[in-house]
Amino acid sequence: MSVLFEPFRVGNLEIKNRFMRSATYFALADEGGFILPAYTDLMTTLAENEVGLIVTGYAYVSRDGRAPVDMNGIDSDEHIPAYRKMTRAVHERGGRIVMQIAHTGAAAYGATVSKDNYLAVSLVDKMPDFGVEAREMEDEDVVRIIEAFGRAAVRVRESGFDGVQIHGAHGYLLSQFLSPRTNRRTDRWGGSLENRARVIVEIVRAIRKQAGEDYPVMIKIGVRDYLEAEDAPVWGAVMGRKDRPEDVEDFKLRPNLTVEEGAETARVLEQEGVCFVEISNGFVGRSSYKIHMGINKPEKEAYFLPEARVVREATTGPLALVAGMRSLEIMEGVINSGVADCISLCRPLIREPGLVKRWKDGDRRPADCISCGGCFNQDESGKTYIACRQLEKKGRAV
Ligand SMILES: Cc1cc2nc3c(=O)[nH]c(=O)nc-3n(C[C@H](O)[C@H](O)[C@H](O)COP(=O)(O)O)c2cc1C
Ligand code: SF4
């Protein structure tokens, strides 16, 4: 049997195989951040189909960290009953499920922020113009958000999840702290790597203190920014003002988070008690965006493998590798080489929720997902929904 179907341990959890469903936002929450039944159905389907470890989509720990209006929340105890139904359904099918908790910081969309609660790590982020002035976080804002992560983790535990995963990637708040491009602070939260990583360290401590030292704490961490000088206009569109030439010049002068810094952060977090690290990206620009799409041959797969090697050298605990994993031979190579312990999948499971079971049953064809980027869709009313556009096209053609 393939090495991919051998169990492994994460802290005190046994995971039945090497497949993990990477956190995936599904636009399945109401205005209050309460999950809709369809969300639970999706998690249940993944558990029925042999996904060893399921991670929910990112859930906001406080309302000012919400990005899309239909993002789910874990900012109050009222959310617990619906999540309990979700975890029970997954456990009844022999699955394991953890919740990803997040704050989106400067990437909170305009619709979700209001005056005084649109928070930036540094105002020199040149905030996107949502019609609301961003405010640079005071020390007490940082402390409040650390506490919010801690309290959210208690709710995650009370909801029956097998652990909690901190979202420390993709340009959201914790990436904004880690990256020297966006963190220009001169207080204890900025400057040296130790200072830029401090907020994550404090979050881990808050979670362990509040949710218990035995509760599995994991992180998806952006170990490296992939922005280049020519990405300045992209940066402008995502996080700044591309119409201001001085912002573009400033952007070009700022350094990226390097993989060595990312690996060192992972090492420190392990020492703090993080039991599972999933390797991903920090800020991305056009070049890496392209790699994300059109993964149509083995050479394009597993594109964070070089970064994973650096993190592996720096750390001792289990690692998961996400992004561009499509064929079993590549995945087996990753596990057999010892670079990572677990294969994390997002888009392939949007297209084929039954993919892991298909592989287990002996059909070794690669994932059907062609990495076209068409998972984000809008219905006639403008509401976002996540679905495989290629499958929908096929459906229309039938
Ligand atoms: C629809 C969609 C929603 C996503 N939501 C999240 C999320 O909530 N949290 C997160 O860390 N990453 C999220 N991601 C990123 C994925 O987890 C993953 O890191 C990325 O898609 C690369 O993996 P893949 O090649 O297997 O798709 C999302 C990606 C997609 C396509
Ligand atoms: S739309 Fe379908 S094929 Fe395209 S990336 Fe999303 S899941 Fe893959």
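Predicted model: local features only at pLDDT ≥ 70, side-chain atom pairs only at ≥ 80, totals over all residues.

A: Glu50 counts as buried because 21 C-beta neighbours lie inside 10 Å, and the cut-off for buried is 20 or more. Its backbone also deserves a remark: phi of Glu50 is near 75°, which is a positive value in a residue other than glycine. As for its place, Glu50 sits in the loop between H1 and strand E4, the latter covering 53–55.

Helix H1 covers residues 37–48, and it packs with helix H2, residues 80–92. In general, two packed helices are described by the angle between their axes and the distance between the axes. For H1 and H2 the angle is about 15°, and the axes are 8 Å apart. Angles under 35 degrees count as roughly parallel, so H1 and H2 are roughly parallel to each other. Their crossing is right-handed. On the H1 side, the contact is made by Thr40, Met43, Thr44 and Ala47. On the H2 side, Lys85, Met86, Ala89 and Val90 take part. By type, the residues of this contact divide into 5 nonpolar, 2 polar and 1 charged.

With 19 other C-beta atoms within 10 Å, His170 is partly exposed, whereas Glu50 is buried.

Tyr385 gives a further case. This residue is found in strand E15, residues 384–386. Tyr385 is partly exposed, with 14 other C-beta atoms within 10 Å. Leaving aside neighbours within four places in sequence, Tyr385 is in contact with Ala27, Asn377 and Asp379. Ala27 and Tyr385 are 358 residues apart in sequence, yet 5.9 Å apart in space, C-alpha to C-alpha.

Finally, the ligands. Ligand 1 is surrounded by 23 residues, and the closest are Ser22, Ala23, Tyr58, Cys346 and Arg347. The shell around ligand 1 divides into 13 nonpolar, 8 polar and 2 charged residues. Around ligand 2 there are 13 residues, the closest being Cys369, Cys372, Gly374, Cys375 and Cys388. Helix H12 (347–351) and helix H14 (389–397) are the elements that give two or more residues to this shell around ligand 2. H12 gives the most, with 3 residues. The shell around ligand 2 divides into 6 nonpolar, 4 polar and 3 charged residues.

Definitions and conventions: Residues numbered from 1 in each chain as written. Chains lettered and ligands numbered in written order. Near = placed C-beta within 6 Å. Helix = DSSP H or I, 4+ residues; strand = E, 2+ residues; numbered from the N terminus. Nonpolar A, V, L, I, M, F, W, Y, C, P; charged D, E, K, R; others polar. Axes fitted to C-alpha atoms, helices over the stretch in contact; angles between N-to-C directions. Parallel < 35°, antiparallel > 145°, perpendicular 65-115°, else oblique. Left-handed = near helix turned anticlockwise from the far one by under 90°. Contact = placed C-beta atoms within 7 Å. Buried ≥ 20, exposed ≤ 12 C-beta atoms within 10 Å, placed from the backbone.
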